[in-house]
Amino acid sequence: MSLSRELDVATCRELARAVEAFGEALEAWLELFDDRPDLRLTGRRPTVRPRADADPDEIERRAAAVRDYQDAAAVAIDVAGTHLPAGVNLAREWAGMAAKGAKVNPDAARYTPRSTRRVLEFLVERFERHGGAVPLLPVPDPTVLHRHVWWSPVVNDWLQDKYTSIPNEIPLGAVGAWGQRLDHPARRGADTLWQVLLSPDPPAERQPRLRIPDTGDPETTATRQAALLHALDAMQRLGRTYHDAPTPIGPEQVAGWLHTWTHLLTLLDQCTILPATPEPDTPTPPPPAPPTDTTPAAPGAITVDDTVFAPIPHPDYPEIHLSAHETVRVTTTAPDEHLAHALATAAARLCLVDSEGTEHPDLDTMNNEASHLHTPSWAQVLTDTDGHPFLYVDCQSAIPEPMGATMRRILTDELARTIPDGHAHPLDHDPNP
């Protein structure tokens, strides 16, 4: 959505007030709902449901208050770039979310208006600091930028007149985001990352591949591939060029870089990710043979912490999840070989869970039915320095709640089949540094 008028200090203040009012009205509406996750309804996000004691007329009255500020808040979110995952604009999509059984994340609903207002206040401060002597924005309309570009440290630095770090932050941001998403260590460098991702070879050695979608027209497909390579080359040259011959940086130069970055991310969004295969020198071992003298757990003898396979909140902003608990330790009286067997059978099932919380019967079914969803890369039983087994599931540091709930249930089931008791909890450090 583009702005219908010039973005100036008065418009920023108006949008900030609107999104603040939207947030307050939305919070009042959420007070009448139960936001505990219900896997029968949620899909990929927790579902809000009316509380049993909530008055339907009061729900509608509060919903009407949200609608009063919905349109202006949607523009504010577009300007600030504070979209939910997949580019969802909370204000614009709220009407659909408000329906019974809707998919809405209450934490995101509370955080988005606050973060949007903060960005708009930054814009007001910048305008007042410069008194209109320089363009308010590095681009006439920020809504034309990719959401990851506008909502990034680069723009945050620009808002505070910190220009010197921008040439480094843009290429590092492009590499870092994709390196983390595809489980590629950023320390290997930008050149290595893109050469690996765009190689025509099949995936190997835990290195995924990217494929430009085949349009059916060889020339169009080749043009897209060339455009992607050109944008990648521009990102890689940015930092080197600036350091070789530093030049003054202004809004026009920043605008060009931001548009190139937007073009790159837009092209990458169109690519298909071919998942990596395990490293050939570390093949995944088959599950150990089942122990013959196990005693299944009594009801309630197996406990799994709610934090296992759960997001890790930011220490200062708990609404933001920077990572997830992917490593699990189990305390039990059972022998290590019995625990290792239970963890290995759990690992095989955990790799078949998608981000909507569905456990698929096999890999082919999951690839056919959930290829568009987030799934674990691999899972393995490891041992610490004392020889005790623990479980690691590589989910690229992202485990949505429906996915985590199913994974906790699977872990509980498999532990109960093999060991008489056990308590599973996150292991927050690498036991084999």
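**Close-up 1. Cys351 is a buried cysteine in this predicted model**. Cys351 has a relative accessible area of 19%, and buried here means under 20% relative accessible area, with exposed over 50% and partly exposed in between (1.4 Å probe, protein chains only). The structure holds zero disulfides. Cys12 also counts as buried, at 1% relative accessibility.

**Close-up 2. Helix α1 packs against helix α3**. Helices (H or I, at least four residues) and strands (E, at least two) are DSSP runs, numbered from the N terminus. Here α1 covers residues 9–30 and α3 covers residues 70–80; their axes lie 8 Å apart, at an angle of about 115°. Axes are lines fitted to C-alpha atoms, for helices over the stretch in contact, and angles run from 0 to 180 degrees between N-to-C directions. On the α1 side you will find Leu15, Ala18, Val19 and Phe22, which meet Gln70, Ala72, Ala73, Val75, Ala76 and Val79 of α3; contact means heavy atoms within 4.5 Å. By class, the residues of this contact are nine nonpolar, one polar and no charged. Ala, Val, Leu, Ile, Met, Phe, Trp, Tyr, Cys and Pro count as nonpolar, Asp, Glu, Lys and Arg as charged, and the others, Gly among them, as polar.

**Close-up 3. Helix α12 crosses helix α14**. The axes of α12 (residues 336–350) and α14 (residues 401–418) come within 9 Å and cross at roughly 145°. Residues making the contact include His338, Leu339 and Arg349 from α12, with Met407, Asp413 and Glu414 among those from α14. The contact of α12 with α14 has nine nonpolar, four polar and five charged residues.

**Wider view. The protein chain has 14 helices and 11 strands**. Of its 433 residues, 45% are buried. Among contacts between residues at least 6 apart in sequence, 70% join residues at least 24 apart.

**Notes for all views.** Residues are numbered from 1 along each chain as its sequence is written, and side-chain values use heavy atoms, with hydrogens and water left out. Because this is a predicted model, local features need pLDDT of at least 70 and side-chain atom pairs count only at pLDDT 80 or more, while totals for chains, interfaces and linings use all residues.

How values were computed:
Disulfide = S-S within 2.5 Å.
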